[in-house]
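Please keep the sequence and the 3D view at hand while reading.

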Amino acid sequence: MEKIFGSDQPMKLVLCDCGGLRLSSGPLTIHFTREEFQMFAAAVGRLASIVAQPCLDQALNGTRSKLSEVCH
């Protein structure tokens with residue numbers, strides 16, 4: 001993930017000819033409709049505010065990953 005979202009990789013948001021949005025960072029590109037991007041951005045914003053809290057461990061205790069999810 002560091003190679004995709006590292007500080008040396010600029011993130012780009014491009015308006016597509018189809019009216020959608022492409023979010024690109026390194027080799028990763030995600031295509032969104034405008035509505036999908038707004039929902040994605042809002043969700044990332046909520047998660048960022050949780051991560052910024054000093055009591056992160058307590059906040060994440062209730063949201064442990066399912067067994068099918070892998071965390072590195």
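Gly26 has a positive phi near 60 degrees and sits in the hairpin of S2 and S3, where two residues lie between the strands. The model is a predicted one, in which local features need pLDDT of at least 70 and side-chain atom pairs count only at pLDDT 80 or more, while totals for chains, interfaces and linings use all residues. Residues are numbered from 1 along each chain as its sequence is written, and side-chain values use heavy atoms, with hydrogens and water left out.

**The chain as a whole**

The chain has three helices and three strands. These names refer to DSSP runs, numbered from the N terminus: helices are H or I with at least four residues, and strands are E with at least two. Read from the N terminus, the order of elements is α-β-β-β-α-α. The chain has 72 residues, and 12% of them count as buried. Buried means under 20% relative accessible area, exposed means over 50%, and partly exposed lies in between, with a 1.4 Å probe and protein chains only. The accessible surface of the chain is about 6200 Å², and carbon and sulfur atoms hold 60% of that surface. Such areas come from the Shrake-Rupley method with a 1.4 Å probe, and for residues only the protein chains shown count as cover.

**The sheet**

The three strands form an open sheet in the order S1-S2-S3, with antiparallel pairing. Its edge strands are S1 (11-15) and S3 (28-32), each of which pairs on one side only. On average, neighbouring strands of the sheet are turned by 15 degrees against each other, direction ignored. For such angles, axes are lines fitted to C-alpha atoms, for helices over the stretch in contact, and the angles run from 0 to 180 degrees between N-to-C directions. Two strands count as paired if DSSP finds at least two bridges between them. In general, strands of a sheet pair through backbone hydrogen bonds, either parallel or antiparallel.

S1 and S2 pair in the antiparallel sense over five bridges. S2 and S3 also run antiparallel and are joined by five bridges. Some of the facing residues are listed here.

| Residue | Partner | Strand of the partner |
|---|---|---|
| Leu15 | Leu21 | S2 |
| Leu21 | Phe32 | S3 |

Helix H2 (residues 34-51) packs on the sheet and touches S1, S2 and S3; the direction of H2 makes about 120 degrees with that of S3. Contact here means heavy atoms within 4.5 Å.

**Ser24 in strand S2**

S2 is mostly covered, with four of its five residues buried. Ser24 belongs to this strand, which spans residues 21-25. Is Ser24 buried or exposed? Ser24 counts as buried because its relative accessibility is 17%. Its side chain makes a polar contact of 3.1 Å with the side chain of Thr29. A polar contact is a pair of N or O atoms within 3.5 Å; within protein, one must be able to donate a hydrogen and the other to accept it, and residues adjacent in sequence count only if both atoms are side-chain atoms. Apart from neighbours within four places in sequence, Ser24 touches Pro10, Met11, Lys12 and Thr29.

**The loop with two cysteines**

S1 and S2 form a hairpin with five residues between them, and Gly19 in the turn has a positive phi of about 95 degrees. Cys16 is placed in the loop between S1 and S2. Cys16 counts as buried because its relative accessibility is 13%, whereas Cys18 counts as exposed at 59%. Beyond neighbours within four places in sequence, Cys16 is in contact with Leu21, Arg22 and His31. The C-alpha atoms of Cys16 and Thr33 are 9.7 Å apart, although 17 residues separate the two along the chain.

A disulfide is a pair of cysteine sulfur atoms within 2.5 Å, and the structure holds zero disulfides.
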